[in-house]
Amino acid sequence: MSRFAYYPGCSPKSSTTESDQSMRALAKELSMELIELESVACCGSRELRISNPRLSLILNARTLALAEKDNLDILTICNTCQLNLQEDNLKLRGDNGLLKEVNEILSKNNLSYRGTVKVFHLVWVLNHYWAVEALKKKVKHSLGGLKVAPFYGCHLLRPYQVLKMDDPYHPVSLKKIFEAVGGEYVDFKASSKCCGFHVLMTNETLATRMSGIFIKEAMSQGAECMVTPCPLCHVALDAYQGEAEKEIGEKLNMPIFHLQQLIGLALGLSEKDLGLSKHFVSTKGIISRIIS
Amino acid sequence: METVKAKIFRFDPGVDERPRYENYEVPYEKDMRILDVLIAIGEDLGKGIAHRWYCGVKRCGACSAMVNGKPVVVCWEPAEERMVIEPLPNFPIIRDLVIDRTGYDKVVSSFRKFLVRKEKPTKFPEDITHEEMIHVYNLVQCTECLLCVSVCPDVDIGYKEFAGPMALTQLAKHALDPRDGLDRTEEMIGLGVHNCVSCYACVDICPSEINPLEKAIYPLRSKLLKTKKGPEAKHLASFEEMVKKEGMITPAKLFLKDKGIAALLKLPFALKMGIRGKIPTKLGAEVPQIEEIRDLINYSERENV
């Protein structure tokens with residue numbers, strides 16, 4: 001059994017609770033033990049990186065120190081959390097002076113960080129820890145060639161120098177997972193582009209136009225549904241799809257799954273376990289197709 | 001490899017009805033660059049493919065093109081056995097690989113691309129530390145090659161209220177210079193610095209490794225925040241305040257704080273979110289042991305450690 005310090009992040013605890021719920025259900029199925037880091041702060045998203053990057057670094061150092069105290073690596077299910085934690089981890093590990101400075105602050109909480117923790121996103125864990133081949137053996141409802149368009153999300157791939165997980169121009173990590181559970185990977189130009197989430201609150205027009213155009217591109221390539229490993233992309237693509245339709249003046253009606261939900265369906269988990277009724281765009285058509 | 005096979009985009013808008021691709025093959029030579037392939041096709045095969053280049057050493061930013069789906073400066077990349085060479089996307093085409101840069105040149109010349117001193121320096125050389133200048137020195141390396149613009153998703157969808165990473169890097173070069181005395185608030189807002197979506201595409205593609213996002217755009221946004229002007233000032237301040245008070249962000253509460261009374265316009269959307277359990281019953285619940293987090297923040301701010 002693999003054990004992780006689980007850092008769901010802000011969105012899965014409020015606006016995409018189904019991503020947290022489905023992650024817990026999937027973890028059980030894959031014999032992964034998730035020890036939630038409960039008393040941790042926000043990773044800083046983009047906002048704190050702009051307004052107060054130092055505070056963002058200190059809070060992330062605290063999160064890393066708490067995981068280290070339990071002798072665990074961190075599992076994330078949000079691309080932006082992954083990037084921020086990994087970036088700050090690299091900064092701290094690569095700069096003894098900075099680490100010493102930050103540890104002096106952490107001492108206020110009786111904590112210190114030595115730099116031993118690794119931060120993994122679910123996609124990384126599935127591709128490397130939990131070999132995709134092993135996933136194949138657990139499939140109960142193969143997706144039967146369902147045409148699935150990936151939406152990787154920016155902060156899973158870029159900046160490559162920090163993440164080093166997959167090629168930002170020709171990513172394949174989701175392809176391996178979709179194919180393992182019987183889906184057909186719909187490769188489309190915008191699969192590694194931006195959903196616009198990080199300007200959603202300040203410029204909804206820009207964000208929804210961006211997500212609308214990219215969903216439409218997936219549709220034009222024959223996708224029956226889209227899958228994202230990031231809850232923030234899910235908000236932009238699913239919850240705001242109605243606004244995106246208004247913005248681009250076209251009906252989209254594209255079901256959007258969290259990665260853990262799609263895998264969960266293939267592994268025989270129920271709709272309820274995976275929180276699929278919480279979506280804005282109905283996933284019923286796809287679910288009945290998979291189950292039948 | 002013995003030869004290089006290149007499939008090249010050809011289009012002359014004044015003559016051709018539509019673009020086409022033509023295949024060429026040239027002998028491979030040791031250490032051959034993509035630029036050498038284009039030169040060989042022109043000089044040895046006598047094919048008049050239009051492409052720009054001047055310095056040949058990654059300093060002039062003229063020879064940018066799309067090679068096998070990735071934008072590159074062709075003088076700095078090795079030739080591959082098979083290549084599809086196209087002009088940079090999202091620009092009008094003058095001919096073949098030559099794009100029309102006029103739009104971006106106009107943007108860059110629209111703001112004051114020079115330092116404006118408030119006071120004359122009291123002595124020469126001035127007392128400026130390396131730490132104060134390192135950001136600016138880094139930004140000076142921008143060659144305006146436009147690779148960052150070609151991968152920017154704002155540009156890709158034709159959004160006009162964002163000037164693009166290259167123009168903002170050029171602005172930052174002056175706005176972040178400690179010697180600059182000009183209030184550049186209106187320039188920053190006018191170029192739409194707040195409309196960057198933080199996708200890091202410009203960071204990954206920059207051949208000069210400038211990191212336009214974190215070294216130009218974020219510092220500009222941070223500078224703008226200090227003026228309390230611009231469309232995101234309230235949002236950024238509310239976000240930081242919420243993290244300091246509650247530890248985590250509750251998006252629904254953040255939205256209310258951002259929009260105030262205007263949030264009522266989104267009531268139908270909020271109801272849909274609520275029905276689906278996407279708004280917590282207690283808005284703004286604090287994370288466990290929030291006191292520890294607050295202590296940490298207070299200590300680091302008070303002591304300025």
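## A first look at a two-chain model

Four strands of chain A form an open sheet, arranged in the order 6-5-7-8 with parallel pairing. Strand 6 and strand 8 (256–258) of chain A stand at its edges, and each has a single partner strand, so one side of each is left without a neighbour in the sheet. Please keep in mind as you read that this is a predicted model.

### Inside the sheet of chain A

How is strand 5 of chain A joined to its partners? Strand 5 (residues 147–150) and strand 6 (residues 184–185) of chain A run parallel and are joined by two bridges. One residue pair to look for here is K147(A), whose bridge partner in strand 6 of chain A is E184(A). Strand 5 of chain A also pairs in the parallel sense with strand 7 (residues 225–228) of chain A, this time over three bridges. In that pairing, P150(A) has V227(A) in strand 7 of chain A as its bridge partner.

### The nonpolar core

In soluble globular proteins, nonpolar side chains tend to be buried together. In this model, the largest nonpolar core has 188 residues. Which of its members touch the most other members? They are I74(A), M226(A), A236(A), L168(B) and L220(B). Helix 4 of chain A contributes the largest share of this core, with nine residues.

Leaving aside neighbours within four places in sequence, M226(A) is in contact with A149(A), F151(A), I215(A), A218(A), L237(A), M254(A) and I256(A).

### Where the two chains meet

Turn now to the contact between the chains. On one side are 48 residues of chain A, and they are in contact with 51 residues of chain B. The elements of chain A that give two or more residues to the side touching chain B are helix 1 (10–13), helix 3 (47–51), helix 4 (53–69), helix 6 (96–106) and helix 12 (204–220). Which of them gives the most? That is helix 3 of chain A, with five residues. Sorted by class, the side of chain A that touches chain B has 22 nonpolar, 13 polar and 13 charged residues.

### The build of chain B

Chain B has 13 helices and seven strands. The chain is divided into domain 1 (3–98), domain 2 (102–226) and domain 3 (233–303). Between the C-alpha centres of domain 2 of chain B and domain 3 of chain B there are 31 Å.

The C-alpha trace of chain B spans about 75 × 65 × 35 Å along its principal axes. Its radius of gyration is 25 Å, while a compact globule of 305 residues would have one near 19 Å. Of the 305 residues of chain B, 41% count as buried. Among contacts in chain B between residues at least 6 apart in sequence, 62% join residues at least 24 apart.

### A helix enclosed in chain B

Why is helix 6 (residues 165–175) of chain B described as largely enclosed by the rest of the structure? Eleven of its eleven residues are buried, so helix 6 of chain B is largely enclosed. Among these buried residues are P165(B), M166(B), L168(B), K173(B) and H174(B). L168(B) was met above as one of the core residues that touch the most other members. The buried residues of helix 6 of chain B pack against helix 2 (102–108), helix 3 (130–139), helix 4 (147–151), helix 7 (185–190), helix 8 (201–205) and helix 9 (212–226) of chain B.

A25(A) lies in helix 2 (residues 17–29) of chain A, and E25(B) is found in strand 2 (residues 20–27) of chain B. Is A25(A) buried or exposed? With 20 C-beta neighbours inside 10 Å, A25(A) counts as buried. E25(B) has 13 C-beta neighbours inside 10 Å and therefore counts as partly exposed.

Not counting residues up to four places away in sequence, A25(A) touches G264(A), L269(A), D273(A) and L274(A). The table sets out one C-alpha to C-alpha distance for each of the two.

| Pair | Apart in sequence | Apart in space, C-alpha to C-alpha |
|---|---|---|
| A25(A) and D187(A) | 162 residues | 28 Å |
| E25(B) and A6(B) | 19 residues | 6.2 Å |

Notes: Residues numbered from 1 in each chain as written. Chains lettered and ligands numbered in written order. Predicted model: local features only at pLDDT ≥ 70, side-chain atom pairs only at ≥ 80, totals over all residues. Contact = placed C-beta atoms within 7 Å. Nonpolar A, V, L, I, M, F, W, Y, C, P; charged D, E, K, R; others polar. Domains from an automatic or database assignment. Core = buried A, V, L, I, M, F, W, Y, C linked by C-beta atoms within 7 Å. Buried ≥ 20, exposed ≤ 12 C-beta atoms within 10 Å, placed from the backbone. Pairing = 2+ DSSP bridges. Rg over C-alpha atoms; globule rule 2.2 N^0.38 Å.
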